[in-house]
Amino acid sequence: MPSYDYPFNERIRTLLRVEDLFAKLLHNIEAGHEHHHHCALITLLQILDVVDRSELKLDLLQELERQKVAMSALVGNPAIAANTLNKILSEIDQAAEGLRAETNKLGQSLRANEWLMGIKQRAGIPGGVCEFDVPSYHYWLGLGEARRAADFTAWLKPLLPMHAAIGIILRILRGSGVSSKLVAGNGAYQQMLAGAKPAQMLRVVLDDELTCFPEVSANKYAINIRFNQLDDGQKLQKYEQDVSFSLILCNL
């Protein structure tokens, strides 16, 4: 069933962006072809841009510690599966330890790589990393899958604790909400929000057979969801039928 995540603040937005970029990065590294590895490298450079704009490392460490304290209080609770709880606590400890072990700013070792930064600068130009622009890059792409994979392993090593921490936090966030079955009349839905603790993210889950997708505008006071579809020319059209969907408000 397709699901759509909508963040309510810049902090969660950053985590979702890094998660999405990492998924594409790892897929393209695994695929192995030099064109996939080109896409992987461009994506890696995009990750550097995203993590450079915020104090992400400190935020992750603080959130991991907060979750550890909250979950440690559940130890011994008969309603909680002890093995699952212990596994999550162990994952939190490992991710936090990895983040603390990296004393530099996230991605600093990659920013210190002049060759990578040269590729990054050229990548901002359409077609700017052609072989006649950056022959060293063309040479690297031709070194073979094993050499390129080894380089990616080295480049990713300082970023993997961040990736693990983001995965843990988003998994906890996505599992925090209660699903509500709702209907958007004529493809539109509005809900007023109340409560002392505003949601940090909402999730919209649709049935597979539906030929529409949600567009969300939300703040701490209200949620507005409009369901749209694409015609054969990819032109946006309002979905005029009633839409049954599940809404989940998530909070850490």
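**One lysine and its surroundings**

Mentor: Lys 68 has a relative accessible area of 29%, so this residue is partly exposed. The scale runs as follows: buried is under 20% relative accessible area, exposed is over 50%, and partly exposed is in between, with a 1.4 Å probe and protein chains only. The model is predicted, so local features need pLDDT of at least 70 and side-chain atom pairs pLDDT 80 or more, while totals for chains, interfaces and linings use all residues. Numbering starts from 1 along each chain as its sequence is written, and side-chain values use heavy atoms, with hydrogens and water left out.

Start with the helix. Lys 68 sits in helix α3. Helices here are DSSP runs of H or I with at least four residues, strands are runs of E with at least two, and both are numbered from the N terminus. Helix α3 covers residues 56–72, which makes 17 residues. The expected span is 1.5 Å times one less than the number of residues.

Which residues of α3 are buried? They are Leu 56, Lys 57, Leu 60, Leu 61, Glu 63, Leu 64, Gln 67 and Met 71. An α-helix has 3.6 residues a turn, so residues three or four places apart point the same way. The cover over the buried residues of α3 includes α1 (10–31), α2 (34–52), α4 (82–101) and α9 (160–174).

Beyond residues up to four places away in sequence, Lys 68 touches Leu 89, Ile 92 and Asp 93. A contact means heavy atoms within 4.5 Å. Asp 93 is also a polar partner: its side chain and that of Lys 68 are joined by a polar contact of 3.0 Å. That term needs a pair of N or O atoms within 3.5 Å; within protein, one must be able to donate a hydrogen and the other to accept it, and residues adjacent in sequence count only if both atoms are side-chain atoms.

Lys 68 and Asp 93 also form a salt bridge, with closest N and O atoms 3.0 Å apart. The bridge ties distant parts of the chain, from Lys 68 in helix α3 to Asp 93 in helix α4, 25 residues apart. A salt bridge puts a side-chain nitrogen of Lys or Arg within 4 Å of a carboxyl oxygen of Asp or Glu. Asp 93 is partly exposed too, at 35%. Elsewhere, salt bridges with shared partners join Asp 5, Glu 19, Arg 174 and Arg 203 into one network. By this rule the count is 16 salt bridges.

Another of them links Asp 52 and Lys 105, at 2.9 Å from N to O. Asp 52 is in helix α2, and Lys 105 is in the loop between α4 and α5 (108–111), 53 residues apart. Asp 52 is partly exposed at 36%, and Lys 105 is partly exposed at 40%.

Glu 102 is 34 residues from Lys 68 along the chain, and their C-alpha atoms are 20 Å apart.

Leaving aside neighbours within four places in sequence, Leu 64 contacts Ile 92, Ala 95, Ala 96, Leu 99, Ala 165, Ile 168 and Ile 169. Leu 64 is among the residues with the most contacts inside the largest nonpolar core, along with Leu 41, Leu 60 and Met 162. That core has 54 residues. A second, separate core has 18 residues, including Ala 184, Tyr 189, Ala 199 and Tyr 239. A nonpolar core is a set of buried Ala, Val, Leu, Ile, Met, Phe, Trp, Tyr and Cys residues joined through side-chain atoms within 4.5 Å. In soluble globular proteins, nonpolar side chains tend to be buried together.

Last, helix α9, one of the elements covering α3. Its 15 residues should span 21 Å, and its end C-alpha atoms are 21 Å apart, which agrees. The buried residues of α9 include Met 162, Ala 165, Ile 168 and Ile 169. The cover over the buried residues of α9 includes α3 in turn, with α1, α2, α4, β4 (201–206) and β8 (243–250).
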